[in-house]
Amino acid sequence: MASTLDGIKAALEQIVRDPKYHDVLSLVKTARNGAVYGTKVRFPHALVMIFLFRSGTFRQKVGLVLRATRHHASNLARFASIYKLTMMALKRFGPTPGKEGPYDSFFAGLLGGYFVFGGRSPRTGKISSVNQQIVIYIFARVALALARIAVKPGHGLPLVSAEPLHSRINYYAWPAFASLSWGAVMLLFKHHPEDLQSSLRSSMTYIYKDCDSWDDLRTLVWHNK
C-alpha cells in the first residue's frame with residue numbers, strides 16, 4: 001500500500017514539474033489562490049461587520065458570515081481563472097502569437113469583471129453587496145493610481161507633471177481629497193443615507209446617529225441600545 005502511494009505521489013510530482021503542463025496547472029493554482037485570498041480578506045471583515053452591526057440570532061449571523069465569505073472567495077477564484085485563461089488565449093491566438101499584447105490584461109480584466117462582478121442575482125435581480133464592495137474598492141485604488149500617474153514626471157499630463165506644480169500637487173492633493181471625501185459622505189449620510197452602501201450606512205448610523213439617544217448609564221457607556 002505504501003509503495004503504491006509513493007508511486008502515485010512520484011507520478012504526480014513528475015506531472016507538476018513537466019513544463020508542458022505548466023499552463024493548465026497555473027489555472028488550477030490561480031483559482032486556488034483567488035479562493036484562499038478571498039477567504040482571508042472577507043471572513044474577518046464579515047465577522048466583525050455582521051456581529052457588530054447586524055441584528056439576528058447567533059446562528060443567523062454565522063450563516064451570513066459564511067455566505068459572504070463563500071461568495072467573495074468563489075468570485076475571486078472565478079475572476080482569476082477567467083483572467084488567466086483569457087490572457088493565455090490572447091497570447092496564443094492574438095496578433096503576435098507567443099507574445100502578450102500591450103492591452104491583453106485590460107481586455108482580460110474587462111471580460112472577467114463583466115461576467116463575475118457585473119451580473120445580477122438570478123433570484124433577486126439585484127447586484128450583490130459583496131460584489132459592490134469589491135468593485136468600489138478596486139475603483140478607488142484605480143482612481144488613486146491614475147491621479148499619481150497624472151502628475152508623474154515623464155509620464156503624466158502636461159504642466160501638472162512638471163515643476164513647480166508637481167511638488168505642490170503632491171503635497172496638497174491628499175489633504176484636499178480626504179477633506180472633500182469626508183465632506184461629501186457626511187452630506188450624503190445626512191440627506192440621502194439610503195443611497196450609501198449598506199455596511200457604510202450601518203457603521204455611520206452607529207457612530208453618528210445612535211450617539212444621540214440613551215436611557216440610562218448602561219446605554220450611555222456600556223451598550224449602544
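Where does Pro-164 lie? Pro-164 is in the loop between α5 and α6 (165–191), and the peptide bond that joins Glu-163 to Pro-164 is cis, with omega near 5°. In general, most peptide bonds are trans.

## Basis of the report

This is a predicted model, in which local features need pLDDT of at least 70 and side-chain atom pairs count only at pLDDT 80 or more, whereas totals for chains, interfaces and linings use all residues. Residues are numbered from 1 along each chain as its sequence is written, and side-chain values use heavy atoms, with hydrogens and water left out.

## Overall architecture

The protein chain contains 8 helices and 0 strands, giving the pattern α-α-α-α-α-α-α-α along the sequence. Helices (H or I, at least four residues) and strands (E, at least two) are DSSP runs, numbered from the N terminus.

Along the principal axes, the C-alpha atoms fill a box of roughly 70 × 60 × 35 Å.

## Burial, surface and charge

Of the 225 residues, 19% count as buried; buried means under 20% relative accessible area, exposed over 50%, and partly exposed in between (1.4 Å probe, protein chains only). The accessible surface amounts to about 17,000 Å², with 65% belonging to carbon and sulfur atoms. These areas come from the Shrake-Rupley method with a 1.4 Å probe, and for residues only the protein chains shown count as cover.

There are 29 positive and 13 negative side chains, and the centres of the two sets lie 4 Å apart. Lys and Arg count as positive and Asp and Glu as negative, while His and the chain ends are not counted; each charge is placed at NZ of Lys, CZ of Arg, CG of Asp or CD of Glu.

Helix α3 has 36 residues and reaches 52 Å from its first C-alpha to its last, close to the 52 Å expected at 1.5 Å a residue. The expected span is 1.5 Å times one less than the number of residues. Buried residues of α3 include Lys-61, His-72, Asn-75 and Met-87, and their cover includes α2, α4 and α5.

Helix α5 (residues 129–150) should span 32 Å with its 22 residues, and its end C-alpha atoms are 31 Å apart, which agrees. Its buried residues, Val-130, Asn-131, Gln-133 and Ile-134, pack against α2 (22–53), α3 (58–93), α4 (104–117) and α7 (198–209).

## Phe-115 in helix α4

Phe-115 is found in helix α4 and is partly exposed, with a relative accessible area of 48%. Leaving aside residues up to four places away in sequence, Phe-115 touches Arg-78 and Ile-82; contact means heavy atoms within 4.5 Å. Phe-115 and Asn-75 are 40 residues apart in sequence, and their C-alpha atoms are 9.9 Å apart in space.
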